[in-house]
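Please read the report below alongside the sequence and the model.

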Amino acid sequence: MRFVVLTAASLMLLPGAALTAQHDAHSHDSPTAHGLGKIDFPTSAGRAAHRQFERGVLYLHNFHYDEAAQAFREAQRLDPGDVMSYWGEAMTYTHPIWLEQDTAAARVVLNRLAPNKRRRLVKARTRRERMYLEAVETLYDFTLAKAARDSAYTRAMQRLHVAYPRDDEATLFYALALMGQGVRVDSTYLKAAQLAESVFRRKQDHPGAAHYMIHALDHPATATRGLDAARAYSGIAPDAVHALHMTSHIFVALGMWDEVVTANQRAQRANRGRYGHPTLWLLYGLVQQGRIKDAEQWLDSIARQTDDVRTTFRGAYSRLHLAAMTAAWVVDAEQWSSPWATLRVDSTGLGYSASDNDFMLGLAALRRGDRALADSMLARMKTRLARATSAGGNAFSSPQIASVQERTLRAYVLQSDGRSDDAIALLREAAALEESQPYAFGPPVTIKPPREALGEILIATGRPAEAVKELENALSRTPKRTRVLLSLARAHQALGEAADASRVYTELAAIWKHADPELPHLREVTRGAAGGRAAQ
């Protein structure tokens, strides 16, 4: 299956169609299906086909696309004239939040209904179903550029929402369309949040309402508003692996590490031995908790899987996560002499995500005193950036993110050469570049956020007051990140601000309540939380 990365599209909202009182022929009760949640999506399909159709929509709302497509195909078998089952299967080939689309596969589905748009639309049994079909036709209109299709599809879903304001599915798929236009725009995401929340407050067992609220609000500035949805979603759809993981989007944005770990442990168990996205978040949460040994076990697991599937697409997916997980574990836990700190991940097919591994190898080498290897990794990162021909990528993997990592590593090299002022200036540039990019939810995509590094170097050069400002800024983007809290406590201590230092040490001690006994800095934190002057 071929997916392409989508680009950003401008949002242009048009007045919707007039409200009508038209209803479809069948509205069947839909009890919770296989632990996926509950919806009421009336269509004109026969009863048996409609049951399969709603099952497909439940899978669709939970982002289980393969299972959704299978359910929609079964609905087509049971009622070949039902256009909504073809709409549903076509929708499985667009993954809006992930910026993925397989247009060719979707066109095959639509062509199975009828060979052209006009003949497909006349098959719609109601005006409402025709509007759904028209919207998906726009989404896969190969005569338009993708950005134009994104805008046109969003407008089509807005018209459907306005025409049928009581149709919760129209409301929610409109919210998802708003978020599926490429670059994250805060005002657009807040509009999506408002739409999803309008359904969630009435129907707290609807998987799409909770799911899309979380996606729309998983930013530190808005995450508190998504807590109810996050706490509800895993109970709404306990059989959906993505739902079990998805709750942690809000928890990470608020620094709720116990909840992050619990959510992704549940997702990992349900994922039946497969490793990837939830595994990365689980490892990151464990590291924040100071449970370094438990986190390392997940590195072992994904490394074994990577060896097993090295030559497949799944292998590239596993190597991407192995690179990110190893970097997070080594850098955040300061495991510079661990064998993992010398692990070279095959970068084939990883694009700019390969910088995660280069950055980790270079910083770990520098910390061990291996300047030659550090310089080698820095040169490799520069070479990759020099080959960049366009912005490309997305908030998680792009030349800009790789450039932030390269500048951060270069700043550490400058510091090791005694050029701290140059290092500080470079990190300020890196921080400005990072913050100019669309917000990327989850664990820091730059591995070591530059403001965090800046705070550490400012402390080391005797400028703790400046460090406090930078570190508090860093916490606004990565709340309760333990490396930032540790540096902030040290900065307050260096300023003689004993009460503030003790407060931050106490917060960190609470996060590390189940930390490994030999965790670096644990004794410092325990002493600082008790009100004593912590020895670093």
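## Asparagine 62 and its loop

Asparagine 62 sits in the loop that joins helix H1 (47-61) to helix H2 (65-78). Helices (H or I, at least four residues) and strands (E, at least two) are DSSP runs, numbered from the N terminus. This is a predicted model, in which local features need pLDDT of at least 70, side-chain atom pairs count only at pLDDT 80 or more, and totals for chains, interfaces and linings use all residues. Residues are numbered from 1 along each chain as its sequence is written, and side-chain values use heavy atoms, with hydrogens and water left out.

Asparagine 62 has 0% relative accessibility and therefore counts as buried. Buried means under 20% relative accessible area, exposed over 50%, and partly exposed in between (1.4 Å probe, protein chains only). The side chain of asparagine 62 reaches the backbone oxygen of leucine 36 at 3.0 Å. Leaving aside residues up to four places away in sequence, asparagine 62 touches Leu36, Pro207, His211, Tyr233, Ala237, Ala240, His242 and Ala243. Contact here means heavy atoms within 4.5 Å.

Phenylalanine 63 lies in the loop between H1 and H2 as well. Phenylalanine 63 is not a glycine, yet has a positive phi of about 60 degrees. Most residues other than glycine have a negative phi. With 5% relative accessibility, phenylalanine 63 counts as buried.

## Two other residues

Histidine 521 is another non-glycine residue with a positive phi, here about 75 degrees. Its place is the loop between helix H25 (498-511) and helix H26 (522-529). Histidine 521 counts as partly exposed, at 23% relative accessibility.

Alanine 147 belongs to helix H7 (residues 146-163). At 27% relative accessibility, alanine 147 is partly exposed. Alanine 147 and glutamine 181 are 34 residues apart in sequence, and their C-alpha atoms are 7.5 Å apart in space.

| Residue | Relative accessibility | Class |
|---|---|---|
| Asparagine 62 | 0% | buried |
| Phenylalanine 63 | 5% | buried |
| Histidine 521 | 23% | partly exposed |
| Alanine 147 | 27% | partly exposed |

## Helix H20 and its partners

Helix H18 (residues 355-368) and helix H20 (residues 399-416) have axes that come within 10 Å and cross at roughly 10 degrees. Axes are lines fitted to C-alpha atoms, for helices over the stretch in contact, and angles run from 0 to 180 degrees between N-to-C directions. H18 and H20 are therefore roughly parallel to each other. Angles under 35 degrees count as roughly parallel.

On the H18 side, the contact is made by Ser355, Asp356, Phe359, Gly362, Leu363, Leu366 and Arg367, which meet Ala402, Gln405, Thr408, Leu409, Tyr412, Val413 and Ser416 in H20. By class, the residues of this contact are 7 nonpolar, 5 polar and 2 charged. Ala, Val, Leu, Ile, Met, Phe, Trp, Tyr, Cys and Pro count as nonpolar, Asp, Glu, Lys and Arg as charged, and the others, Gly among them, as polar.

The axes of H20 and helix H22 (residues 450-460) also come within 10 Å, crossing at roughly 10 degrees. H20 and H22 are therefore roughly parallel to each other. Here Val404, Thr408, Tyr412 and Gln415 of H20 meet Pro450, Ala453, Glu456, Ile457 and Ala460 of H22. The contact of H20 with H22 has 6 nonpolar, 2 polar and 1 charged residues.

## The chain as a whole

The chain has 26 helices and 3 strands. Of its 536 residues, 59% are buried. Among contacts with a separation of 6 or more, 63% join residues 24 or more positions apart.

Technical notes:
Angles under 35 degrees count as roughly parallel, over 145 as roughly antiparallel, 65 to 115 as roughly perpendicular and the rest as oblique. A polar contact is a pair of N or O atoms within 3.5 Å; within protein, one must be able to donate a hydrogen and the other to accept it, and residues adjacent in sequence count only if both atoms are side-chain atoms.
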